[in-house]
Amino acid sequence: MAMTDAHRLSLQSFMTKGVMSCEEVIRLHAHACAEFQVYHVENGHDEFVKRINRNIQPFSMEIRVAKDEDDGNQVYVLVRTEESEICKLISDYQANELALFQKIIDLIIENGTGMASSTDVLNVVLPQPHKLLKIDKQIVLDKLVAEKWLKENQGQISLTTRSILELKHYLREHFPDDVIVCNLCDNIVFKGNNCSNINCSVRLHFHCSRDMFHGRPNAVCPGCATKWPYVVENGMEVDSEQGTSSSSSSSITSKKRKR
């Protein structure tokens, strides 16, 4: 079924922003329908998005839905579905800016915690012939954060849901031994928990672990049936031995990725 003007307006908004929260999509759906006098179905935003997807699929685009690694909130991201180099995926950046972004990704993955410090980012050495002063690196970093390719929290830089979905092929191709998918949602996971069995490869997002084990005091790993080392208390995942939150704001305490 073809798109209406309401769908076209919404697609234009996605092409401008790239990523939206669930609340933003609900508001956009209502606004677009009102603007063009299209019948508005309460909570019909997902079907609305599906019609957009059916029409943009021939152009190798799709609006995908995933949960934010930090808070588990649902987000909608417009992505390119064809495999491509990072320079084609993020075409609004200069070559030296993309070189910095690639080095930031390297730092995040090499760190094994899903994050890199802003200090390390500003001190990173770019490959020749790319050059950026520290003040220029800060400008690029601020731009990447503002456009929701990266997020910054207490001096720690991490990839956003937009980056993880949009750069999925790039990440899997360039970091095949480091990029792991969550065993529940099948999306790439940078911030999460490993099974305590060193011979088991199961890894879950913090929010996926909470969803899976909520109300299950004797939870076991879905892969090897080893006792899961974290329990859910009052909606938070807590290390059953240390009594500390595994998804606190300083999530650099999460276990290092197996290699």
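Biologist: Why is Asp68 called buried?

Modeller: Buried means under 20% relative accessible area, exposed means over 50%, and partly exposed is in between (1.4 Å probe, protein chains only). Asp68 comes to 11% relative accessibility, so Asp68 counts as buried. Its place is in the loop between β2 and β3. This is a predicted model, where local features need pLDDT of at least 70, side-chain atom pairs count only at pLDDT 80 or more, and totals for chains, interfaces and linings use all residues. Residues are numbered from 1 along each chain as its sequence is written, and side-chain values use heavy atoms, with hydrogens and water left out.

Biologist: What makes the link from Asp68 to the side chain of Lys151 a polar contact?

Modeller: A polar contact is a pair of N or O atoms within 3.5 Å; within protein, one must be able to donate a hydrogen and the other to accept it, and residues adjacent in sequence count only if both atoms are side-chain atoms. The side chains of Asp68 and Lys151 meet at 2.7 Å. The side chain of Asp68 also reaches the backbone nitrogen of Asp71, at 3.1 Å.

Biologist: Which residues does Asp68 touch, not counting those up to four places away in sequence?

Modeller: Contact means heavy atoms within 4.5 Å. With that exclusion, Asp68 touches Asn73, Lys151, Thr161 and His207.

Biologist: How do you know how many helices and strands there are?

Modeller: Helices (H or I, at least four residues) and strands (E, at least two) are DSSP runs, numbered from the N terminus. For this chain that comes to 10 helices and 12 strands. Buried residues make up 47% of its 259 residues.

Biologist: What is the span of α3, and what was expected?

Modeller: The expected span of a helix is 1.5 Å times one less than its number of residues. Helix α3 covers residues 45-56, which is 12 residues. From first C-alpha to last it reaches 17 Å, close to the 16 Å expected.

Biologist: Which residues of α3 are buried? What covers them?

Modeller: The buried ones are His45, Phe48, Val49, Arg51, Ile52, Asn53 and Ile56. Their cover includes α1 (5-17), α2 (22-35), β2 (61-67) and β3 (74-80).

Biologist: Now the rings. How many aromatic pairs does the rule give?

Modeller: Rings of Phe, Tyr and Trp (its six-membered ring) pair if their centres lie within 6.5 Å; planes under 30 degrees apart count as stacked, over 60 as edge-to-face and the rest as tilted. The count by this rule is two. One of them is Phe213 with Trp228.

Biologist: Why is the pair of Phe213 and Trp228 called tilted?

Modeller: Their centres are 5.2 Å apart, and 35 degrees separate the planes.

Biologist: What makes a charge sit over a ring?

Modeller: NZ of Lys or CZ of Arg must be within 6 Å of the ring centre and within 35 degrees of the ring normal. Lys143 lies over the face of Tyr93, at 4.2 Å from the ring centre. Arg162 lies over the face of Trp149, at 3.9 Å.
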